[in-house]
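Thanks for making the time, everyone. Let me put the structure up and then walk through a charged pair, the cores and the confidence.

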Amino acid sequence: MTPIDLSRRGLLRLSGLALAAGIAGCTTTPRMAGTPSDGEDETASVLPLVNQLRAKNGLPPLAVDPAASTAALFQAKRMASAGKMAHLMGMTDSFGARVKASGVRLPAAENIASGQQSVDAVVTAWINSPHHLENMLGRYGGLGVAVAHNTSSRNLPYWAMVLSS
């Protein structure tokens with residue numbers, strides 16, 4: 001091989017390493033701090049409603065999970081800040097990485113909603129949605145629920161519920 005070929009090979013290797021490092025940097029665990037928006041922990045208000053639903057279905061009650069509450073608050077604030085309701089924000093977002101960063105025990109599930117003006121309204125919306133209802137009746141032991149508002153869009157509420165093992 002000529003020195004030019006080695007030089008090209010070296011540049012290709014370096015380019016490949018730089019690309020791999022860039023991709024790895026995009027898939028790191030998200031930071032929990034620094035998300036703008038005010039939010040409120042609504043776990044204490046939602047827990048009796050969810051436990052009443054579970055009791056009607058012969059299931060054990062859930063307990064407040066501080067880690068799930070932290071994860072729910074983070075997600076509600078994130079949605080409010082973005083002005084959109086979505087489980088995932090961006091191509092490299094990961095529900096598993098996000099809840100693990102809060103210390104949530106896996107397996108876990110998440111219910112989200114937007115626009116409901118009260119705890120009763122959001123719980124009713126989740127009950128009326130088969131997949132969200134399935135989550136609330138799942139094999140979980142912990143619960144965290146939060147709401148955050150987007151002041152730039154008529155103070156629209158964004159809700160997040162995280163169920164943990």
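R98 and E110 are both buried, where buried means under 20% relative accessible area, exposed over 50% and partly exposed in between, with a 1.4 Å probe and protein chains only. Their side chains meet in a salt bridge, at 2.8 Å from N to O, the term being a side-chain nitrogen of Lys or Arg within 4 Å of a carboxyl oxygen of Asp or Glu. The pair links distant parts of the chain, twelve residues apart, with R98 in helix α4 (residues 95-101) and E110 in strand β3; helices (H or I, at least four residues) and strands (E, at least two) are DSSP runs, numbered from the N terminus. A search of the whole structure finds one salt bridge.

This is a predicted model, in which local features need pLDDT of at least 70 and side-chain atom pairs count only at pLDDT 80 or more, while totals for chains, interfaces and linings use all residues. Residues are numbered from 1 along each chain as its sequence is written, and side-chain values use heavy atoms, leaving out hydrogens and water.

E110 is also one of the residues in contact with M161, as are V46, W126 and L143, contact meaning heavy atoms within 4.5 Å. M161, V46, W126, L143 and W159 have the most contacts inside the largest nonpolar core, which has 19 residues; such a core is a set of buried Ala, Val, Leu, Ile, Met, Phe, Trp, Tyr and Cys residues joined through side-chain atoms within 4.5 Å. Apart from it lies another core of 18 residues, including A80 and Y158.

Finally, the mean pLDDT, the predictor's confidence in each residue from 0 to 100, is 81 for the protein chain, with 77% of residues reaching 70 or more.

Conventions
Lists of a residue's contacts leave out its neighbours within four places in sequence.
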